[in-house]
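Thank you all for coming; I would like to walk you slowly through one structure this morning. Please take a moment to look at the sequence and the model before I go on.

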Amino acid sequence: MLALTRKVGESIVIGGNIVVTIVDIKGDNVRLGIDAAKEIKIYRGEIYNEIVAENKLAVASMDLHEMDKLKGISKNK
Amino acid sequence: MMVQSTRFGEIEVSEETVLQFPYGIPGFLEEKTFSLLPHQPNSPFSFLQSLNDPDLTFIVVDPFAFIQDYDFEIDDEIAKELDISLEKPPQILNIVKVLGKIEDMTVNLGAPIVVSWHKQMAIQYLIENTTYSIRHPLFTQELGQEPKGGK
């Protein structure tokens, strides 16, 4: 991991195309501004990591015998 | 086209069931192509099978079969990329997780899969600032009875 120290107003350029700017610092909280192409999805780290973990757990390992129990359920429309 | 699946063996899937995930899926960023396979006619459950990795299958569910008022906003950028609107609404599917008993199945309501069938394109969308759980228990009653809607 690359660690840099920045002051409010200073920025970091990633890959030539992504710019992270320190907008404000208040106590423990750092406000960051991120400029990136709209195709680049930006998420809070803990949220993203939770989804990754949940997706990995969800990869279907359930056996087909268990799936039979779902047969009774029909769409509620 | 023929698809290899560890779960289903070698199966024939039609081109119309194929979805491109241009951003992959969190945890599986390289997986860009899946086929949506039905479980049973009239069942809200389906399988999302990777065309690249036979071991990679997700069970997904139509959330509205269980939670009629499931509701969230999709930001304009994503809506534009998927070309979805009131006139061209997306299909919503949510990944389901079963670790043991099927009665303990949970559904990820916080990160729905938004599908644009006319573009044959989909994305797992992380809802911002949501109170929806990523591990919502799907069954509040015994299997076999119609579960009541609710969060």
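This is a predicted model: local features need pLDDT of at least 70, side-chain atom pairs count only at pLDDT 80 or more; totals for chains, interfaces and linings use all residues.

Let me begin with a term: a salt bridge here is a side-chain nitrogen of Lys or Arg within 4 Å of a carboxyl oxygen of Asp or Glu. By that rule, four salt bridges are found across the interface of chain B and chain A, and one of them joins the side chains of Arg135(B) and Glu50(A), with 3.6 Å from N to O.

Residues are numbered from 1 along each chain as its sequence is written, chains are lettered from A and ligands numbered from 1 in the order in which they are written, and side-chain values use heavy atoms, with hydrogens and water left out.

How many residues of each chain take part in the contact between chain B and chain A? If contact means heavy atoms within 4.5 Å, then 48 residues of chain B touch 30 residues of chain A. The buried area, that is, the accessible area (1.4 Å probe) that the two parts lose on being put together, summed over both, comes to about 3600 Å², and carbon and sulfur atoms give 60% of it. Arg7(B), Ile102(B) and Leu126(B) supply 17% of what chain B buries against chain A, which is more than any other three residues.

Turning now to chain A, we find an open sheet of three strands in the order S1-S2-S3, with antiparallel pairing; strands are DSSP runs (E, at least two residues), numbered from the N terminus, and two of them pair if DSSP finds at least two bridges between them. Strand S1 (11-14) and strand S3 (29-35) of chain A stand at the edges with a single partner strand each, so one side of each is left without a neighbour in the sheet.

Looking at one pairing in detail, S1(A) and strand S2 (residues 18-26) of chain A are joined over four bridges, where Val13(A) stands opposite Val19(A) and Ile14(A) has Ile18(A) as its bridge partner. These two strands form a hairpin with three residues between them, and Gly15(A) in the turn has a positive phi of about 60°.
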